[in-house]
Amino acid sequence: MTEPGVFLIHGLGGTQYDLGSMHKRLKNAGFVTHSLTLPGHGTRPEDLVGVRMEDWLEAVRLKYREIADQHEVLHVMGMCMGALLAVETVKRERHGKGRLVALAPPVFIDGWATPWYRGLRPLLYRIPGVPAWMKVAEEEPYGIKNEQLREIVKAKFRRGENFHYGWVPLACIREVDRLRAQVAKGLERINCPTLVVHARQDELTSLRSAHYLVERIGGGKRAGLARMVVLEDSYHMICVDNDREIVGKNVLEFFEAATPAAAMTDPGMSAQQMRELLDLARQDLEHGDFAALFHRGIPDFAWLQPGGNRCSGAFRGGKGLSRLLGAAQSDVSFTAFGAAVLNADMAVLPAVLRAGTLASPGALSLRMRQGRLLEARWFPDDVEAEDRHFGGAPLPDGPSEAEKSFEAAAALSRTLRKAPDNATLLALYALYKQGSSGDASGERPSVMDVVGRAKHDAWTSRRGMPREQAMREYVALVGELKAADTQAV
C-alpha cells in the first residue's frame, strides 16, 4: 500500500477497539490503522490466568510481521501495557520502517495512587495459588482526571458493561512486571524516532518512566532520537482525559501528517487528474458497481448516506462494502449526472439514485487525494422518500457484535495450553482468513513451501463461504477447543 500504516496496541484489560478516537484521527489524516485484541482479553478476566508475557509479545510480533510488508511506512503506537509491548516489539524486530509512540508507558509502577506496599507483590507471587485467585480491581480515579467522564466510567462498571475488565488476576500483574523488566533492557538497540507522551499527574506511573525511555533509547548515539511531551491536566488515560486533543495533535505532528486544513487545500492532483478519477467513479456508480468504487479508494474509503433506513450510515473499507451490499437488498445505481464542480480536494455533482421504482434526485460529493478516493457522500433531496423505499434502520458504524465475538475468539485461541492437531490448525486458519478477508487471494505457494501451500489450500477450500458464516464457525470451533482445553487441566 502507498498509504502509511499505524499499528495500535491496547492496554491491560482492554481490546482492539480501545484508542477509538486515535483510530479515527489517523484514518482522517490518511493512515491505514491496524490493531489486535491481546490474548486473554475481550472475553472474561478469568481468561488472563495462565496467559504469559510471551503470549502477548508473540501475538503482537506476529501481527507486526503480517502488516509490515503491506506498507512502505509503518508506525507503531501503544497505550499503557500496549506501550511496553510496542517498545519491546520495535526493539526485537529492529523496526526501521517508521516511528514509535509510547503513550503513558508504565516502566515503573510508582504513581501517586499506587499503595506503599506495592513492593510486596513479588512475595505474593511465590505463594501457591494466590496469583490465580487474587483479584486486582479497577478503582478510583480510573486513570481519569475529568470528573464528568469518570462518572460515566463508574456508571458503566455498575451496569456491568463489557467495555473493559473491572479487575485482573494478580498472575496477570506478575506478567506485566516481567514485561517491564524486559523493556528496561537493551533500549539502545532501538534506532527509530520515538515520542513518549506522559501525564505529570499519572496516578499509575510517574514521569520517571518517560525519562527512562527518552534517556536510553538509541543509547545516546543520536541526539533527539527520542523526545517527550508532558501533559499537565490528565491522569493515566491520556487518550480520553482532558489533554486528549494535545495527545492527538502531537501524535499527528510526529507522524508528519497533514492537518485537515492542509489536506483540504492540497489533493496532490491536478484538475485533469481529478476529473479522470471522477469519470471512473461515475461509471462505477452508473453500473451500480460499488465494489469497483471502493477499489478506487483508500483502504478505509467510506460511503456515507443520510436518513433513517437500512442504507443509511457510514460504510468503511471492505467490511463496510459487505454491509452496504447486504443492506441494499436490490440493485442501486446512479444516473442523470450533472456538471461537476471541483473545489480543493472535493468534486460535487448532481445525480439521481435509482433502486427499483425509486428515482431519488440529489447530489454526490467525492473527496480524493493522490489518485485515490477518500470518501463519497450522497445527499438526497428527499430523505424521507428513501426511508420509505428502503425501510429498516441505519446500521451502526463500527464493528458488529459478530465481528467483536470473532476477534475475541481469535484472542482466546492464543490462550490454549495444548496446540490443536494440524488439521484443526488449518481449519482455524482457513475460517479466520475467510471471516476477516473473504475469498482467498494471491498465488498458490510453491511445492517447496509446504506449510504456506497447505494454508493457502485450506483457505481456498472455503471460497464462496459468506464472511458471517465463517466468523460463526470460527467462534464455535475456538469455543470447543477452549472447553476441551479447560477440562484437560
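The structure is a predicted model, in which local features need pLDDT of at least 70, side-chain atom pairs count only at pLDDT 80 or more, and totals for chains, interfaces and linings use all residues. Residues are numbered from 1 along each chain as its sequence is written, and side-chain values use heavy atoms, with hydrogens and water left out.

The chain holds 18 helices and 15 strands. Both are DSSP runs numbered from the N terminus: helices are H or I with at least four residues, strands are E with at least two. The C-alpha trace spans about 75 × 50 × 50 Å along its principal axes.

Of the 489 residues, 50% are buried. Buried means under 20% relative accessible area, exposed means over 50%, and partly exposed lies in between (1.4 Å probe, protein chains only). The accessible surface comes to about 23,100 Å², and carbon and sulfur atoms account for 53% of that surface. Areas come from the Shrake-Rupley method with a 1.4 Å probe; for residues, only the protein chains shown count as cover.

A344 is partly exposed, at 33% relative accessibility. D345 also lies between β12 (341-343) and β13 (346-355), but is buried, with a relative accessible area of 0%. The side chains of D345 and R367 are joined by a polar contact of 3.0 Å. Such a contact is a pair of N or O atoms within 3.5 Å; within protein, one must be able to donate a hydrogen and the other to accept it, and residues adjacent in sequence count only if both atoms are side-chain atoms.

Y142 sits in the loop between β5 (135-137) and α6 (147-159). Its phi is positive, near 60°. Y142 is buried at 17% relative accessible area.

L416 occupies the loop between α15 (401-413) and α16 (422-437). L416 is buried, with a relative accessible area of 17%. Not counting residues up to four places away in sequence, L416 touches L481, K482 and D485. The C-alpha atoms of L416 and G50 are separated by 9.3 Å, although these residues are 366 residues apart along the chain.

Technical notes:
Contact means heavy atoms within 4.5 Å.
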